[in-house]
Amino acid sequence: MTNAEQLRLLPSVDRLLGDPALEDSTARYGHHLTVTATREVLEQVREEIKGGQPTPSHTALVTRVEAYLRQHLAPTLRPVVNATGVVIHTNLGRAPLSAAARAAMEAAARGYSNLEYDLDAGQRGQRTLHTERLLCKLTGAESALVVNNNAGAVMLALNGLAAGRGVLISRGQLVEIGGGFRVPDVMAQSGARLIEVGTTNRTHRQDYARELAREGSDVALILRAHHSNFRIVGFTTEVEMDELVALGQAHGVPVMDDIGSGALLDTGAFGLTHEPMVQESLKAGAALVCFSGDKLLGGPQAGIIVGQAAFVDPLKRHPLARALRADKLCLAALQATLMHYLKGEAATQVPVWRMVSMALDEIDRRARRWRDRLRRAGIAAQVIDGRSTVGGGSLPGETLPTRLLALPVPAPDALVAALRLGDPPIVARIEGDCVVFDPRTVLPEDEAALLDTLVDTLLRIDTNFHE
Ligand SMILES: *Cc1c(COP(=O)(O)O)cnc(C)c1O
(Lines give C-alpha, C1' and ligand atoms only; values in the text may rest on other atoms or scores of the structure.)
Protein backbone atom coordinates (compact mmCIF):
# COMPACT_ATOMS: atom_id res chain seq x y z
CA MET A 1 0.00 0.00 0.00
CA THR A 2 1.32 3.45 -0.85
CA ASN A 3 1.62 6.22 1.71
CA ALA A 4 -1.29 8.03 0.11
CA GLU A 5 -3.48 4.95 0.42
CA GLN A 6 -2.42 4.48 4.02
CA LEU A 7 -3.25 8.10 4.80
CA ARG A 8 -6.71 7.66 3.35
CA LEU A 9 -7.33 4.87 5.87
CA LEU A 10 -7.03 7.32 8.73
CA PRO A 11 -10.38 8.31 10.28
CA SER A 12 -11.45 11.96 10.31
CA VAL A 13 -11.29 13.96 13.53
CA ASP A 14 -15.08 13.77 13.84
CA ARG A 15 -15.22 10.03 13.34
CA LEU A 16 -12.52 9.41 15.91
CA LEU A 17 -14.28 11.75 18.35
CA GLY A 18 -17.44 9.69 17.94
CA ASP A 19 -15.76 6.71 19.59
CA PRO A 20 -17.47 6.02 22.95
CA ALA A 21 -14.10 6.12 24.75
CA LEU A 22 -13.43 9.61 23.47
CA GLU A 23 -16.95 10.69 24.39
CA ASP A 24 -15.90 9.79 27.93
CA SER A 25 -12.77 11.90 27.49
CA THR A 26 -14.89 14.79 26.25
CA ALA A 27 -16.98 14.56 29.40
CA ARG A 28 -13.86 14.51 31.56
CA TYR A 29 -11.55 16.99 29.84
CA GLY A 30 -13.99 19.11 27.88
CA HIS A 31 -14.79 19.28 24.15
CA HIS A 32 -12.12 21.78 23.18
CA LEU A 33 -9.16 19.91 24.68
CA THR A 34 -10.35 16.55 23.37
CA VAL A 35 -10.69 17.92 19.83
CA THR A 36 -7.24 19.50 20.06
CA ALA A 37 -5.73 16.23 21.30
CA THR A 38 -7.43 14.25 18.51
CA ARG A 39 -6.16 16.67 15.85
CA GLU A 40 -2.63 16.60 17.27
CA VAL A 41 -2.52 12.81 17.40
CA LEU A 42 -3.84 12.46 13.83
CA GLU A 43 -1.27 15.00 12.68
CA GLN A 44 1.55 13.05 14.38
CA VAL A 45 0.31 9.79 12.86
CA ARG A 46 0.19 11.35 9.37
CA GLU A 47 3.84 12.32 9.74
CA GLU A 48 4.71 8.83 10.91
CA ILE A 49 2.94 7.25 7.91
CA LYS A 50 4.85 9.55 5.55
CA GLY A 51 7.97 8.29 7.29
CA GLY A 52 7.04 4.72 6.37
CA GLN A 53 5.14 3.56 9.46
CA PRO A 54 1.97 1.48 9.08
CA THR A 55 -1.45 2.99 9.84
CA PRO A 56 -2.39 2.33 13.47
CA SER A 57 -5.70 0.61 14.24
CA HIS A 58 -8.70 2.63 15.33
CA THR A 59 -8.27 1.36 18.90
CA ALA A 60 -4.60 2.34 18.91
CA LEU A 61 -5.53 5.86 17.80
CA VAL A 62 -8.10 6.20 20.56
CA THR A 63 -5.56 4.98 23.10
CA ARG A 64 -3.07 7.56 21.87
CA VAL A 65 -5.57 10.39 22.19
CA GLU A 66 -6.37 9.28 25.73
CA ALA A 67 -2.68 9.08 26.61
CA TYR A 68 -2.09 12.52 25.10
CA LEU A 69 -4.84 14.01 27.24
CA ARG A 70 -3.60 12.31 30.39
CA GLN A 71 -0.05 13.42 29.77
CA HIS A 72 -0.91 17.02 28.99
CA LEU A 73 -3.42 17.45 31.77
CA ALA A 74 -1.71 15.56 34.54
CA PRO A 75 -0.79 17.94 37.35
CA THR A 76 2.96 18.50 37.45
CA LEU A 77 3.06 19.23 41.20
CA ARG A 78 2.37 15.83 42.72
CA PRO A 79 2.66 14.12 46.07
CA VAL A 80 5.74 11.87 46.29
CA VAL A 81 6.87 9.29 48.83
CA ASN A 82 10.02 10.45 50.59
CA ALA A 83 12.01 7.31 51.43
CA THR A 84 15.32 9.21 51.62
CA GLY A 85 15.40 9.56 55.40
CA VAL A 86 15.99 13.32 55.05
CA VAL A 87 13.24 14.69 57.28
CA ILE A 88 13.19 18.31 56.06
CA HIS A 89 13.89 17.82 52.37
CA THR A 90 13.70 21.19 50.60
CA ASN A 91 13.40 19.63 47.14
CA LEU A 92 10.49 17.53 48.38
CA GLY A 93 8.57 20.40 49.94
CA ARG A 94 10.10 20.51 53.43
CA ALA A 95 7.70 19.91 56.32
CA PRO A 96 4.60 17.73 55.89
CA LEU A 97 1.74 19.35 57.83
CA SER A 98 -0.18 17.94 60.78
CA ALA A 99 -3.78 16.81 60.39
CA ALA A 100 -4.94 19.86 62.34
CA ALA A 101 -2.92 22.22 60.12
CA ARG A 102 -4.38 20.62 57.00
CA ALA A 103 -7.90 20.88 58.40
CA ALA A 104 -7.34 24.55 59.25
CA MET A 105 -6.20 25.23 55.67
CA GLU A 106 -9.22 23.45 54.29
CA ALA A 107 -11.55 25.46 56.53
CA ALA A 108 -9.90 28.75 55.55
CA ALA A 109 -9.94 27.79 51.88
CA ARG A 110 -13.51 26.65 51.45
CA GLY A 111 -15.25 29.85 52.49
CA TYR A 112 -14.76 33.24 54.05
CA SER A 113 -12.88 33.89 57.26
CA ASN A 114 -12.21 36.73 59.67
CA LEU A 115 -8.72 37.04 58.18
CA GLU A 116 -8.72 40.84 58.47
CA TYR A 117 -11.96 41.36 60.34
CA ASP A 118 -12.34 41.96 64.04
CA LEU A 119 -15.49 40.04 64.98
CA ASP A 120 -15.85 41.78 68.37
CA ALA A 121 -15.60 45.28 67.02
CA GLY A 122 -17.24 44.58 63.66
CA GLN A 123 -14.50 46.40 61.82
CA ARG A 124 -11.23 45.87 59.99
CA GLY A 125 -8.71 43.73 61.87
CA GLN A 126 -5.14 42.56 61.35
CA ARG A 127 -4.33 39.37 59.45
CA THR A 128 -1.17 38.64 61.33
CA LEU A 129 -2.84 38.87 64.74
CA HIS A 130 -4.00 35.27 64.49
CA THR A 131 -0.47 33.92 64.73
CA GLU A 132 1.35 36.76 66.45
CA ARG A 133 -0.23 36.33 69.84
CA LEU A 134 0.60 32.63 69.79
CA LEU A 135 4.19 33.29 68.74
CA CYS A 136 4.64 35.77 71.58
CA LYS A 137 3.18 33.33 74.09
CA LEU A 138 5.42 30.50 72.89
CA THR A 139 8.68 32.40 72.60
CA GLY A 140 8.33 35.10 75.23
CA ALA A 141 8.69 37.80 72.57
CA GLU A 142 6.97 41.18 72.88
CA SER A 143 5.99 41.27 69.24
CA ALA A 144 5.89 39.02 66.20
CA LEU A 145 5.42 39.31 62.46
CA VAL A 146 4.80 36.62 59.87
CA VAL A 147 5.78 37.01 56.22
CA ASN A 148 6.11 34.75 53.20
CA ASN A 149 9.41 33.05 54.02
CA ASN A 150 12.54 33.54 56.09
CA ALA A 151 14.55 34.99 53.20
CA GLY A 152 11.85 37.67 53.05
CA ALA A 153 11.91 38.14 56.81
CA VAL A 154 15.69 38.75 56.80
CA MET A 155 15.42 41.09 53.83
CA LEU A 156 12.58 43.04 55.45
CA ALA A 157 14.38 43.35 58.79
CA LEU A 158 17.66 44.47 57.21
CA ASN A 159 15.97 46.96 54.91
CA GLY A 160 13.65 48.27 57.60
CA LEU A 161 16.28 48.65 60.28
CA ALA A 162 19.58 49.12 58.49
CA ALA A 163 19.15 50.47 54.94
CA GLY A 164 21.96 52.91 54.18
CA ARG A 165 23.78 51.97 57.38
CA GLY A 166 26.28 49.37 58.51
CA VAL A 167 25.60 45.80 59.68
CA LEU A 168 28.33 43.81 61.45
CA ILE A 169 28.61 40.12 60.70
CA SER A 170 31.30 37.54 61.37
CA ARG A 171 33.20 36.34 58.29
CA GLY A 172 32.38 32.80 59.38
CA GLN A 173 28.69 33.53 58.91
CA LEU A 174 28.76 34.89 55.36
CA VAL A 175 27.17 31.68 54.16
CA GLU A 176 25.11 30.51 51.24
CA ILE A 177 22.29 28.36 52.55
CA GLY A 178 21.21 27.16 49.09
CA GLY A 179 18.42 28.12 46.75
CA GLY A 180 20.11 31.43 46.03
CA PHE A 181 20.14 32.73 49.60
CA ARG A 182 23.60 34.15 50.26
CA VAL A 183 23.97 36.38 53.27
CA PRO A 184 26.21 38.97 51.53
CA ASP A 185 23.84 39.21 48.55
CA VAL A 186 20.74 39.57 50.71
CA MET A 187 22.55 42.24 52.68
CA ALA A 188 23.47 44.14 49.49
CA GLN A 189 19.93 43.84 48.15
CA SER A 190 18.51 45.20 51.41
CA GLY A 191 20.55 48.36 51.09
CA ALA A 192 22.52 47.69 54.26
CA ARG A 193 26.32 47.99 54.21
CA LEU A 194 28.12 44.79 55.08
CA ILE A 195 30.88 45.18 57.67
CA GLU A 196 32.87 41.95 57.91
CA VAL A 197 34.22 41.01 61.30
CA GLY A 198 36.98 38.54 62.23
CA THR A 199 38.06 35.63 60.05
CA THR A 200 36.43 32.61 58.46
CA ASN A 201 37.17 30.26 61.35
CA ARG A 202 37.67 32.56 64.33
CA THR A 203 35.86 35.72 65.31
CA HIS A 204 36.42 37.17 68.79
CA ARG A 205 34.61 39.64 70.99
CA GLN A 206 37.39 42.21 70.39
CA ASP A 207 36.84 41.98 66.61
CA TYR A 208 33.28 43.23 67.06
CA ALA A 209 34.36 45.80 69.65
CA ARG A 210 36.97 47.22 67.28
CA GLU A 211 34.50 47.60 64.39
CA LEU A 212 31.86 49.12 66.68
CA ALA A 213 34.38 51.70 67.88
CA ARG A 214 35.64 52.42 64.36
CA GLU A 215 32.24 52.72 62.66
CA GLY A 216 30.57 54.56 65.55
CA SER A 217 26.95 55.55 65.12
CA ASP A 218 26.82 54.31 61.53
CA VAL A 219 26.27 50.75 62.74
CA ALA A 220 22.55 49.87 62.71
CA LEU A 221 22.71 46.18 63.61
CA ILE A 222 24.87 43.27 64.61
CA LEU A 223 23.70 40.23 62.65
CA ARG A 224 24.26 36.65 63.63
CA ALA A 225 23.41 34.09 60.95
CA HIS A 226 23.10 30.37 61.55
CA HIS A 227 25.60 28.43 59.42
CA SER A 228 22.71 26.27 58.34
CA ASN A 229 23.90 23.39 56.22
CA PHE A 230 27.59 23.59 56.88
CA ARG A 231 29.84 23.32 59.87
CA ILE A 232 33.19 24.82 60.75
CA VAL A 233 35.27 22.36 62.73
CA GLY A 234 38.68 22.47 64.35
CA PHE A 235 40.31 25.74 65.34
CA THR A 236 37.20 27.92 65.64
CA THR A 237 35.71 30.64 67.81
CA GLU A 238 32.39 32.40 67.63
CA VAL A 239 30.94 34.97 69.98
CA GLU A 240 27.86 33.85 71.94
CA MET A 241 24.59 35.74 71.68
CA ASP A 242 24.67 37.14 75.23
CA GLU A 243 28.14 38.57 74.63
CA LEU A 244 27.05 40.12 71.33
CA VAL A 245 24.08 41.66 73.11
CA ALA A 246 26.28 43.12 75.85
CA LEU A 247 28.64 44.56 73.25
CA GLY A 248 25.76 46.00 71.24
CA GLN A 249 24.17 47.53 74.30
CA ALA A 250 27.37 49.38 75.13
CA HIS A 251 27.09 51.06 71.71
CA GLY A 252 23.30 51.26 71.44
CA VAL A 253 23.24 48.66 68.66
CA PRO A 254 20.58 45.88 68.56
CA VAL A 255 21.45 42.29 67.64
CA MET A 256 19.47 40.33 65.09
CA ASP A 257 19.64 36.53 64.96
CA ASP A 258 18.81 34.66 61.75
CA ILE A 259 18.52 31.22 63.27
CA GLY A 260 17.16 29.64 60.10
CA SER A 261 15.50 26.47 61.23
CA GLY A 262 13.53 27.87 64.13
CA ALA A 263 13.49 25.08 66.68
CA LEU A 264 10.98 25.62 69.47
CA LEU A 265 11.78 22.21 70.96
CA ASP A 266 15.21 21.10 72.15
CA THR A 267 16.81 18.79 69.57
CA GLY A 268 19.09 17.65 72.41
CA ALA A 269 16.13 15.77 73.90
CA PHE A 270 16.04 13.57 70.78
CA GLY A 271 19.63 12.42 70.74
CA LEU A 272 20.86 15.24 68.53
CA THR A 273 23.20 18.17 69.06
CA HIS A 274 21.47 21.14 70.56
CA GLU A 275 20.13 23.33 67.77
CA PRO A 276 19.79 27.05 68.62
CA MET A 277 16.27 27.73 69.88
CA VAL A 278 14.17 30.83 69.31
CA GLN A 279 13.44 31.22 73.03
CA GLU A 280 17.15 31.08 73.92
CA SER A 281 18.11 33.85 71.51
CA LEU A 282 15.38 36.09 72.87
CA LYS A 283 16.36 35.30 76.45
CA ALA A 284 19.97 36.15 75.62
CA GLY A 285 18.72 39.57 74.55
CA ALA A 286 18.46 39.43 70.76
CA ALA A 287 16.32 42.32 69.55
CA LEU A 288 14.97 40.24 66.67
CA VAL A 289 15.01 36.57 65.76
CA CYS A 290 14.14 35.38 62.23
CA PHE A 291 13.29 31.81 61.25
CA SER A 292 11.42 29.64 58.75
CA GLY A 293 7.95 28.21 59.25
CA ASP A 294 8.60 25.00 57.31
CA LYS A 295 11.87 23.74 58.75
CA LEU A 296 12.09 22.48 62.35
CA LEU A 297 8.93 24.37 63.27
CA GLY A 298 7.15 21.85 61.05
CA GLY A 299 4.54 24.22 59.63
CA PRO A 300 3.81 25.92 56.31
CA GLN A 301 6.29 28.01 54.34
CA ALA A 302 6.59 31.27 56.27
CA GLY A 303 9.15 33.70 57.60
CA ILE A 304 8.74 34.62 61.22
CA ILE A 305 10.23 37.60 63.04
CA VAL A 306 9.89 37.74 66.81
CA GLY A 307 11.48 40.15 69.23
CA GLN A 308 11.25 43.49 70.94
CA ALA A 309 8.29 45.64 69.93
CA ALA A 310 10.52 48.66 69.30
CA PHE A 311 12.17 46.78 66.40
CA VAL A 312 9.43 44.43 65.18
CA ASP A 313 6.50 46.87 65.14
CA PRO A 314 7.99 49.36 62.65
CA LEU A 315 8.56 46.42 60.26
CA LYS A 316 4.81 45.72 60.24
CA ARG A 317 4.21 49.12 58.65
CA HIS A 318 7.04 48.78 56.12
CA PRO A 319 5.98 48.60 52.43
CA LEU A 320 8.00 45.39 52.00
CA ALA A 321 5.86 43.73 54.67
CA ARG A 322 2.87 44.22 52.40
CA ALA A 323 4.77 42.77 49.44
CA LEU A 324 5.88 39.78 51.49
CA ARG A 325 2.67 39.15 53.38
CA ALA A 326 1.59 35.63 54.22
CA ASP A 327 -1.62 34.31 52.69
CA LYS A 328 -4.62 33.02 54.63
CA LEU A 329 -3.86 29.34 54.02
CA CYS A 330 -0.39 29.79 55.44
CA LEU A 331 -1.68 31.67 58.48
CA ALA A 332 -4.35 29.04 59.11
CA ALA A 333 -1.79 26.21 58.98
CA LEU A 334 0.72 28.14 61.05
CA GLN A 335 -1.84 28.90 63.76
CA ALA A 336 -2.78 25.22 63.99
CA THR A 337 0.88 24.18 64.06
CA LEU A 338 1.73 26.64 66.82
CA MET A 339 -1.25 25.36 68.79
CA HIS A 340 0.44 21.94 68.98
CA TYR A 341 3.39 23.57 70.75
CA LEU A 342 1.10 25.47 73.10
CA LYS A 343 -0.68 22.24 74.02
CA GLY A 344 2.65 20.46 74.57
CA GLU A 345 1.86 17.89 71.88
CA ALA A 346 4.29 19.00 69.14
CA ALA A 347 6.53 15.94 69.45
CA THR A 348 3.62 13.63 68.68
CA GLN A 349 1.45 15.81 66.41
CA VAL A 350 3.90 17.75 64.22
CA PRO A 351 5.11 15.31 61.54
CA VAL A 352 8.68 16.66 61.47
CA TRP A 353 9.09 16.06 65.21
CA ARG A 354 7.30 12.73 65.05
CA MET A 355 9.87 11.65 62.47
CA VAL A 356 12.82 13.03 64.41
CA SER A 357 11.65 11.34 67.61
CA MET A 358 10.57 8.03 66.04
CA ALA A 359 11.90 5.12 68.11
CA LEU A 360 14.42 2.83 66.46
CA ASP A 361 12.21 -0.13 67.44
CA GLU A 362 9.30 1.24 65.51
CA ILE A 363 11.46 1.95 62.45
CA ASP A 364 12.88 -1.56 62.64
CA ARG A 365 9.41 -3.08 62.90
CA ARG A 366 8.23 -1.18 59.85
CA ALA A 367 11.33 -2.06 57.81
CA ARG A 368 10.92 -5.75 58.66
CA ARG A 369 7.24 -5.65 57.72
CA TRP A 370 8.22 -4.16 54.35
CA ARG A 371 10.88 -6.82 53.88
CA ASP A 372 8.40 -9.61 54.60
CA ARG A 373 5.89 -8.15 52.17
CA LEU A 374 8.55 -8.08 49.42
CA ARG A 375 9.72 -11.59 50.22
CA ARG A 376 6.17 -12.83 49.81
CA ALA A 377 6.28 -11.32 46.32
CA GLY A 378 9.50 -13.24 45.65
CA ILE A 379 11.81 -10.24 46.02
CA ALA A 380 15.07 -10.42 47.95
CA ALA A 381 15.35 -7.69 50.59
CA GLN A 382 17.18 -7.09 53.86
CA VAL A 383 16.91 -4.80 56.83
CA ILE A 384 20.17 -3.01 57.64
CA ASP A 385 21.45 -0.24 59.91
CA GLY A 386 21.58 3.25 58.44
CA ARG A 387 21.45 6.93 59.22
CA SER A 388 18.68 9.48 58.70
CA THR A 389 19.32 13.21 58.55
CA VAL A 390 17.25 16.14 59.73
CA GLY A 391 17.97 18.46 56.78
CA GLY A 392 16.46 21.89 56.25
CA GLY A 393 19.70 23.64 57.01
CA SER A 394 19.69 22.41 60.59
CA LEU A 395 22.21 20.21 62.34
CA PRO A 396 24.77 19.86 59.51
CA GLY A 397 26.61 16.57 59.59
CA GLU A 398 24.28 15.20 62.26
CA THR A 399 22.51 11.91 61.75
CA LEU A 400 19.99 9.75 63.56
CA PRO A 401 20.41 5.97 63.69
CA THR A 402 17.79 4.23 61.60
CA ARG A 403 16.90 0.89 60.02
CA LEU A 404 16.68 0.66 56.26
CA LEU A 405 14.97 -1.67 53.86
CA ALA A 406 17.77 -2.58 51.44
CA LEU A 407 17.31 -4.12 48.01
CA PRO A 408 20.46 -5.56 46.50
CA VAL A 409 19.92 -5.05 42.77
CA PRO A 410 22.12 -5.36 39.69
CA ALA A 411 21.41 -1.78 38.57
CA PRO A 412 20.50 0.52 41.48
CA ASP A 413 20.49 3.58 39.21
CA ALA A 414 17.88 2.02 36.95
CA LEU A 415 15.68 1.09 39.89
CA VAL A 416 15.71 4.52 41.56
CA ALA A 417 14.99 6.11 38.18
CA ALA A 418 12.03 3.76 37.60
CA LEU A 419 10.72 4.44 41.10
CA ARG A 420 10.81 8.18 40.50
CA LEU A 421 8.45 7.60 37.58
CA GLY A 422 6.10 5.47 39.68
CA ASP A 423 2.61 6.40 40.77
CA PRO A 424 3.12 7.75 43.36
CA PRO A 425 6.73 8.67 42.56
CA ILE A 426 9.11 7.23 45.15
CA VAL A 427 12.36 8.96 46.02
CA ALA A 428 14.90 6.52 47.45
CA ARG A 429 18.66 6.44 48.01
CA ILE A 430 21.49 4.28 46.73
CA GLU A 431 24.00 2.85 49.19
CA GLY A 432 26.69 0.66 47.64
CA ASP A 433 24.87 -1.74 45.34
CA CYS A 434 21.60 -1.47 47.23
CA VAL A 435 18.60 0.78 46.88
CA VAL A 436 17.58 1.74 50.42
CA PHE A 437 14.31 2.98 51.89
CA ASP A 438 14.12 4.74 55.25
CA PRO A 439 10.78 4.21 57.04
CA ARG A 440 11.40 7.29 59.19
CA THR A 441 10.27 9.71 56.47
CA VAL A 442 7.56 7.55 54.91
CA LEU A 443 4.15 8.55 56.23
CA PRO A 444 2.27 5.50 57.57
CA GLU A 445 -0.64 6.21 55.21
CA ASP A 446 1.79 6.04 52.24
CA GLU A 447 3.22 2.62 53.14
CA ALA A 448 0.75 0.55 51.13
CA ALA A 449 1.25 2.67 48.00
CA LEU A 450 5.02 2.54 48.45
CA LEU A 451 5.08 -1.25 48.67
CA ASP A 452 2.63 -1.79 45.81
CA THR A 453 4.58 0.54 43.54
CA LEU A 454 7.85 -1.05 44.60
CA VAL A 455 6.64 -4.57 43.86
CA ASP A 456 5.09 -3.56 40.52
CA THR A 457 8.23 -1.72 39.46
CA LEU A 458 10.56 -4.54 40.41
CA LEU A 459 8.51 -7.19 38.68
CA ARG A 460 8.21 -5.02 35.60
CA ILE A 461 11.78 -3.81 35.11
CA ASP A 462 13.82 -6.90 35.75
CA THR A 463 13.17 -10.53 36.43
CA ASN A 464 16.69 -10.78 37.87
CA PHE A 465 15.33 -9.30 41.07
CA HIS A 466 13.59 -12.58 41.86
CA GLU A 467 15.07 -14.79 44.48
C1 LIG B 1 16.71 28.38 55.53
C2 LIG B 1 17.36 29.62 55.95
C3 LIG B 1 16.97 30.86 55.42
C4 LIG B 1 15.90 30.98 54.36
O5 LIG B 1 14.67 30.60 54.83
P6 LIG B 1 13.44 30.32 53.82
O7 LIG B 1 12.27 30.14 54.74
O8 LIG B 1 13.81 29.13 53.04
O9 LIG B 1 13.30 31.54 52.98
C10 LIG B 1 17.61 31.98 55.86
N11 LIG B 1 18.59 31.90 56.78
C12 LIG B 1 18.99 30.73 57.31
C13 LIG B 1 20.09 30.72 58.32
C14 LIG B 1 18.39 29.55 56.92
O15 LIG B 1 18.78 28.38 57.45
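1. Gly30 follows helix H3 and has a positive phi, near 95°. At the other end of H3 (residues 20-29), Asp19 caps the N-terminal end: one of its side-chain oxygens lies 2.8 Å from the backbone nitrogen of Ala21. A polar contact here is a pair of N or O atoms within 3.5 Å; within protein, one must be able to donate a hydrogen and the other to accept it, and residues adjacent in sequence count only if both atoms are side-chain atoms. Helices (H or I, at least four residues) and strands (E, at least two) are DSSP runs, numbered from the N terminus.

2. A word on the model before you read on. It is predicted, so local features need pLDDT of at least 70 and side-chain atom pairs count only at pLDDT 80 or more, while totals for chains, interfaces and linings use all residues. Residues are numbered from 1 along each chain as its sequence is written, and side-chain values use heavy atoms, with hydrogens and water left out.

3. The protein chain is assigned domain 1 (3-73), domain 2 (81-89 + 354-465) and domain 3 (98-349); these bounds come from an automatic or database domain assignment. Between the C-alpha centres of domain 1 and domain 2 the distance is 40 Å.

4. Asp258 places a polar side-chain atom 2.7 Å from a ligand nitrogen, and Ser292 has a polar side-chain atom 2.7 Å from a ligand oxygen. The ligand alone exposes 390 Å², of which the protein buries 93%, using Shrake-Rupley accessible areas with a 1.4 Å probe.

5. Another spot to check is the cis peptide bond from Asp423 to Pro424, with omega near 5°; Pro424 sits in the loop between H19 and strand E16 (426-427). For context, most residues other than glycine have a negative phi, and most peptide bonds are trans.

6. Strand E11 also belongs to an open sheet of seven strands, ordered E5-E13-E12-E11-E10-E6-E9 with mixed pairing. Its edge strands, each pairing on one side only, are E5 (143-147) and E9 (193-197), and the twist averages 20° from one strand to the next. Two strands pair if DSSP finds at least two bridges between them. E11 and E12 (residues 288-292) run parallel over four bridges, and Asp258 stands opposite Cys290 in E12.

7. There is also an open sheet of five strands, in the order E2-E14-E15-E18-E17, again with mixed pairing. E2 (86-88) and E17 (429-431) are the edge strands, and the twist averages 45° from one strand to the next. E17 pairs with E18 (residues 434-437) in the antiparallel sense over three bridges; the bridge partner of Arg429 in E18 is Val436.

Notes
Axes fitted to C-alpha atoms, helices over the stretch in contact; angles between N-to-C directions.
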